[in-house]
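Q: Hey, I've got a structure open and would like to talk through how it's put together. Can you help me read it?

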Amino acid sequence: MTDMSDLKSENQWMSEERKALLGKRHRTERRFKMLGLGAIFIALAMLVTLFVNITSKGYSAFVQTRFEMNVTFDETVIYPNGDRSAQAIRGASYGNLIRNTLRAEFPDVEKRRDLRSLFGIVSKGASRQLRKIVMEKPSIIGTTTAIWLIASDDMDMFNKGYIPRNVVEADRRVKDKEIKWFDHLDAKGSVQKVFNWDFFSSGDSREPEIAGIWGAMVGSFYTLLITFAISFPIGVMSAIYLEEFAPKNRFTDIIEVNINNLAAVPSIVFGLLGMGLFLNLAHLPRSASLVGGITLALMTLPIIIISARASIRAVPDSIRQAALGLGASRQQTAFHHVLPLSMPGILTGTIIGLSQALGETAPLLMIGMVAFIVDIPGNITDPATVLPVQIFLWADSPERAFVEKTSGAILVLLSFLVFMNALAVLLRRKFERRW
Amino acid sequence: MQMIAEIVNQEIQVNKAIISAKEVSVFYREKQALNSVSLDIPENQITALIGPSGCGKSTFLRCLNRMNDTVEGCRVEGLITVEGQDIYAPSVDEVLLRARVGMVFQKPNPFPKSIYENVAYGPRIHGLARNKDELDDIVLTSLEKAGLLNEVRDRLNSTGTSLSGGQQQRLCIARALAVQPDIILMDEPCSALDPIATAKVEELIEELRENYTIIIVTHSMQQAARISQKTAFFHLGEIVEVGDTDQLFTSPKDSRTQGYITGRFG
């Protein structure tokens with residue numbers, strides 16, 4: 001009894017020894033918190049660096065330099081043979097219109113070489129631009145109208161400040177005379193930066209100023225559609241079978257281990273498999289979203305199976321027992337109760353798997369989706385490319401103007417990924433159930 | 001002649017025992033959970049199964065509607081007949097069996113759907129209602145029988161999980177009744193409920209006795225004594241003693257029963 005009262009005495013609580021121990025405990029706790037905070041800080045700093053870097057390089061891809069010029073829609077150029085059919089209008093030489101316009105704007109340029117440089121300040125895409133205007137409004141023929149023509153990539157880069165003036169001419173892509181022409185137009189107020197719709201509405205091009213990501217976006221869409229259509233039903237059905245019906249024996253253990261292994265297989269291996277199986281053996285069309293989608297489906301399948309199994313397992317047994325106790329068959333139990341309750345989790349896993357597939361490049365290189373494709377794919381068997389491969393292609397291009405295109409495309413891809421992951425989080429929040 | 005004999009035979013069995021278990025043994029993989037249990041369960045009575053934890057009473061209960069089939073590695077030996085029919089015969093479909101032998105579980109487990117859907121689910125999968133009106137009728141009658149209708153009449157579309165624990169358990173009973181079973185198995189239906197909710201559920205069980213045969217597993221000896229007519233005492237996978245409830249609780253023959261009901265072990 002005396003021992004007890006001793007223990008409870010003030011001295012025992014506040015002895016020097018205890019104080020030291022307590023102090024040490026608090027110190028370790030503080031140190032651990034600092035470590036954790038530090039780790040988070042480093043991770044965030046890396047993320048911010050990435051975003052700042054890409055955004056600072058990429059935001060200028062969303063604007064485009066244009067020159068305002070008085071284009072004379074000369075009948076003799078558009079109808080050289082007097083043929084006024086729509087086909088003739090389509091086939092007319094709009095390049096000549098532009099050349100005439102530029103000559104009229106800068107009458108003092110006479111030497112052949114200088115002329116060639118002069119014609120080069122306007123994009124090759126400008127003739128397409130004029131054709132579109134004429135096709136839409138043939139009444140414009142014969143008039144002289146001010147048109148904002150797309151500038152060439154070098155002029156665009158110069159206008160955006162990527163090519164500095166104070167460099168020796170020999171080391172500069174934009175020569176002194178071109179700067180003179182630019183300044184002349186700028187002084188007239190004929191230089192403008194406008195929102196670059198072309199970037200979002202056109203396919204790839206050799207000319208950076210008119211290259212766009214729409215083709216890649218459509219390709220990505222078709223590819224993901226195929227991936228989803230194949231991997232979702234197969235994945236969910238496999239998960240249901242494995243969780244609700246399959247006996248637990250060595251065979252199903254082996255299947256489980258292999259599904260987990262499959263999720264860890266490098267994606268390039270799936271690409272090689274896709275090439276061997278779908279192209280060489282089945283002779284499906286090369287470079288098509290169909291084959292890309294099937295290949296990515298192989299890759300996404302294990303992710304969907306694993307996440308679907310986890311969310312099916314999370315449905316409490318009491319629900320299954322309730323249904324079975326009422327005389328529901330196992331299939332009815334699975335499809336009336338377990339599947340609907342696990343669907344939010346399955347969808348979350350599926351979206352995460354698909355966003356992974358959206359960012360995948362390597363397997364698609366193997367099946368030829370890396371080809372240079374200008375046309376927008378019209379269906380799943382058309383040759384196509386996808387966003388990450390487009391980024392890869394542009395990153396590999398030598399023109400200075402493709403740098404901003406690359407970063408711009410990355411920004412678009414990232415925003416899709418962020419959107420999809422946010423959707424997954426939202427789904428989980430909304431339908432999360434506590435038992 | 002044979003048919004008459006069968007009918008007569010069945011009638012005798014109906015009068016005597018609706019469920020008859022003979023030398024039932026249950027194994028979970030290698031482990032034996034029940035050892036040669038024989039028990040007759042009389043019709044339209046409440047039979048209580050009591051005994052300490054792990055004695056096999058729930059296992060026995062789950063044999064009666066073949067819920068043990070869903071447990072991996074479970075094996076049942078012996079003969080169990082319901083109304084003279086061997087329920088483990090290959091020709092018997094366990095889905096139909098479970099419709100006739102309903103079950104109420106320890107923890108209230110309504111589906112996370114509306115109250116109406118909870119009750120309507122059983123009749124729907126068994127095709128008991130030809131149209132919406134008939135289904136409405138079954139749902140309302142079942143809720144009425146479970147004594148829940150007055151409490152939920154104006155919120156049939158709110159979710160079953162929003163009810164209180166006792167109401168949830170009565171909803172589960174209504175859900176079982178909606179399939180129109182003859183027999184209802186109850187696995188400690190009140191162990192998760194407070195005393196007031198327990199009293200209500202007990203009252204309900206007593207009312208149901210008129211039309212249903214009820215087998216209830218319980219840990220509460222007072223509950224067994226209050227509501228059952230027949231009690232079986234399980235111990236270590238065997239039935240130690242079975243008899244009329246009054247007799248078993250007042251003058252047990254076996255010393256182990258005596259020990260359990262006086263609270264010396266278990």
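Predicted model: local features only at pLDDT ≥ 70, side-chain atom pairs only at ≥ 80, totals over all residues.

Q: In what order do the six strands of the open sheet in chain B come?
A: The order is β6-β7-β8-β3-β9-β10 in chain B, and the pairing is mixed. Strands pair if DSSP finds at least two bridges between them. Helices (H or I, at least four residues) and strands (E, at least two) are DSSP runs, numbered from the N terminus.

Q: How do β7 and β8 of chain B pair, parallel or antiparallel?
A: Parallel: β7 (residues 183–187) and β8 (residues 213–217) of chain B pair over five bridges. For one bridge to look at, Ile183(B) has Thr213(B) in β8(B) as its partner.

Q: What holds paired strands together in general?
A: Strands of a sheet pair through backbone hydrogen bonds, either parallel or antiparallel.

Q: Switching to chain A. What's the order in the three-strand open sheet?
A: That one runs β2-β1-β3 in chain A, with antiparallel pairing. Its edge strands are β2 (144–150) and β3 (191–195) of chain A. The twist averages 40° from one strand to the next; axes are lines fitted to C-alpha atoms, for helices over the stretch in contact, and angles run from 0 to 180 degrees between N-to-C directions.

Q: Which helix packs on it?
A: Helix α6 (residues 94–105) of chain A does, touching β1 and β2 of chain A, and its direction makes about 85° with that of β1(A). Helix α8 (residues 125–136) of chain A also lies across β1 and β2 of chain A, running at about 140° to β2(A).

Q: Last topic: how many residues of chain A are in contact with chain B?
A: 15 residues of chain A are in contact with 20 residues of chain B. Contact is when the C-beta atoms, placed from the backbone, lie within 7 Å.

Q: And which helix of chain A gives the most to that side?
A: α16(A), with six residues.

Methods. Residues numbered from 1 in each chain as written. Chains lettered and ligands numbered in written order. Contact = placed C-beta atoms within 7 Å.
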